[in-house]
Amino acid sequence: MPMTDNSAGKTGAAPEGVRARDRLALLTADNAAVPLPAGVQAITAILLAVLLIALPWLGLGYRFLSIAITTLYTAIGLYGLGLQFGQAGIMSVGHAALMGVGAYASAILSVQLGFGFWTSLPFAMALSAIVGGVIGLPTLRVGGQHYIIITFCFCALFVVVLTNGGTFTGSATGLDVGSVTPLPGINFDKLSNNYYLVLAALFLALSATYLIGNSRYGRTLRAIRENEQLARSVGINVDLHKLGVLMVSGLFAGLAGVLQLYYLRHISPTLFGAFPSLYLALMVMLGGARYLYGPLIGAVIVNFLPEVLNLDPVDSRIAYGVCLLLVILLLPGGVGAGIKNVYCAVRGGLEKQGGGTNGRA
Amino acid sequence: MDIFVQQLVNSLSVASVTILIGIGITLIFGLAGIVNFAHGEFLMVGGMATWFMVGAGMNFFVALVFAGLLVGALGFAAERCLFRFTLNRPMNGFIMSIGLSVILQHAVIRVFNEFQKSITDPVGLVWTIGGVDVTAMRAIVVAITAVIVAITYFGISRSRYGMALRASVSDRDTAELMGIPVRRYVTGVFIYGSLLAGIGGALMISLFPITPFTGSVIIIRGFAVSLIGGLGNVGGAVVGGLVLGLVDGLSAGYGYPEWTDAYSLVVMILILVLRPQGLLGGTLGPKAS
């Protein structure tokens, strides 16, 4: 059976005399629980930050920057999904609807009450968080696939409501908004400034994910993911933690939704329906939900793949599907896991050459 | 009153297709433990294959059999190449099935195109019974569904294969020790469910036009039907299909047609939250992970 052993905390370094197949198993194992050295983490973070900040100056053109913005706000939403799935183990295939709640809340506030970007943002994020918590209520009763199907229903229901909402939600045509209210000296009509706005939000989301993942709260969530009964029996308030992480996830989704709204300037129900939701689930699985950069990797792959391979939309969707199948079969932890395993294997190999012991990478 | 009866008769034929897909899902999800989100695409592929074969001059009923076999083979391939590797991690299987559904949908668009396809009524008769017009094809659809439901129901509840299957669901290890080839049963159930999807697709295209996106619309109704009735419960799927078909048919005729989709979704969410085991009870499906 080509299924790989997936127990977390496997050492990355291959012991001496392993067969090729075992080596493959090590490469495809899920290494999320193995911490990387602080130095490596810091270097990766700095390199990534420099690359992302320098991106608009690399002269890659308008189209590239537009895709980059799309990638980044999608990644913000994915960090919410990554948190609830990667840390707490609660998958959702209705996440785009949660982004839609934020986007529509902001758009309706803008159309009805004349709120701008900055004033509507906190309301939209709060509403997304609340809705995230309310949709999450069934997780306390049903688990796993039942909950996934509930989220899918919610997503479909959301689109029906938006489509039948008359002028309030703009029906099938949707709503339009103006541009982001300029800050002193910064006009967000300029594409690169819009990029930096989204990038700042992404850094927020990344830091929040890092902090939560390394906090007591994050450890508690992982305990619930691994064994809910056990977590409950040692006195963890499982229900509260689950709803908490879903609300945090909603907060991220709201932020992503508002950024999407003000980047596109126009939203319609199809942006938040079943398909976008499924793609969000694909991206987070593709990248690896348990890895800090997993969601970002997933978003980059899915958004840039058609561009790089120069595929038309139909072929690119077939390509997504095939990628997804391959990742699930060969690399259940996602591309993030693959990169980390390669790093661990290389490091293990170097140590062996240097005469060192096969330490944990 | 005539209009009411007319609506009822029409809803029944719509419910038949829903029941066929619901039975497939209830068996695959409840008994084989696989959440196959691509099941709707299997149905769509069956419909498209029928359209192609009828277009090439084949008789509809022959095409129906071929569509069933084709989709059964597709199910066999999917189970062998994909789902058997994720049997002990149902969540991964679920995500993979989403990938498969995306592939199938766009492969059909690539081979044909994204426009809707329809065939002319293969029978073309209309019977008038007591002032109610009954299209013969609709009656045939209901009859075929009834036969399939009966075969499946008695197969699961009475035959020794059905008993072995139920035994492997309730206690897999013991069943294996008793010499039941559980894996082969899982494959068998998957193929049978896929075959039903193929036939359902063929019947569907005889009633309405379908597009490559029909699958993703109908899949959620299939899950609704199987969950409303209780997973693995064939009788439950029939009840669920009838409830949903009638709600849809009647709300389209009366009430607010633009909210038709919402009714079934709300019913489904409520049942999932309040009675996760379904109205008639069933297995709770594969252990949630």
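This talk covers the interface of chain B and chain A, then one serine, then the cysteines.

A word on the source. This is a predicted model: local features need pLDDT of at least 70, side-chain atom pairs count only at pLDDT 80 or more, and totals for chains, interfaces and linings use all residues. Residues are numbered from 1 along each chain as its sequence is written, chains are lettered from A and ligands numbered from 1 in the order in which they are written, and side-chain values use heavy atoms, with hydrogens and water left out.

Let's start with the interface. Contact means heavy atoms within 4.5 Å. On that rule, 46 residues of chain B touch 42 residues of chain A. How much area do chain B and chain A bury between them? About 3900 Å², with 80% of it on carbon and sulfur atoms. Buried area here is the accessible area, with a 1.4 Å probe, that two parts lose on being put together, summed over both.

Now the charges. The rule finds 2 salt bridges across the interface of chain B and chain A. A salt bridge needs a side-chain nitrogen of Lys or Arg within 4 Å of a carboxyl oxygen of Asp or Glu. Arg110(B) forms one with Asp315(A), where the closest N and O atoms are 3.1 Å apart.

Which helices of chain B supply at least two residues each to the side that touches chain A? They are α4 (90-111), α9 (214-229) and α11 (260-274). Helices are DSSP runs of H or I, at least four residues, numbered from the N terminus. The most comes from α4(B), with 16 residues.

Next, Ser13(B). Its place is in helix α1 (residues 2-30) of chain B. Buried or exposed? Ser13(B) counts as buried, because its relative accessibility is 0%. The cut-offs: buried is under 20% relative accessible area, exposed over 50%, partly exposed in between, with a 1.4 Å probe and protein chains only. Leaving aside neighbours within four places in sequence, Ser13(B) is in contact with Arg138(B), Val141(B), Val142(B) and Leu207(B).

Last, the cysteines. A disulfide is a pair of cysteine sulfur atoms within 2.5 Å. The search of the whole structure finds 0 of them over all chains. Cys323(A) is in no disulfide. Cys323(A) counts as partly exposed, at 24% relative accessibility. Cys81(B) is partly exposed too, at 47%.
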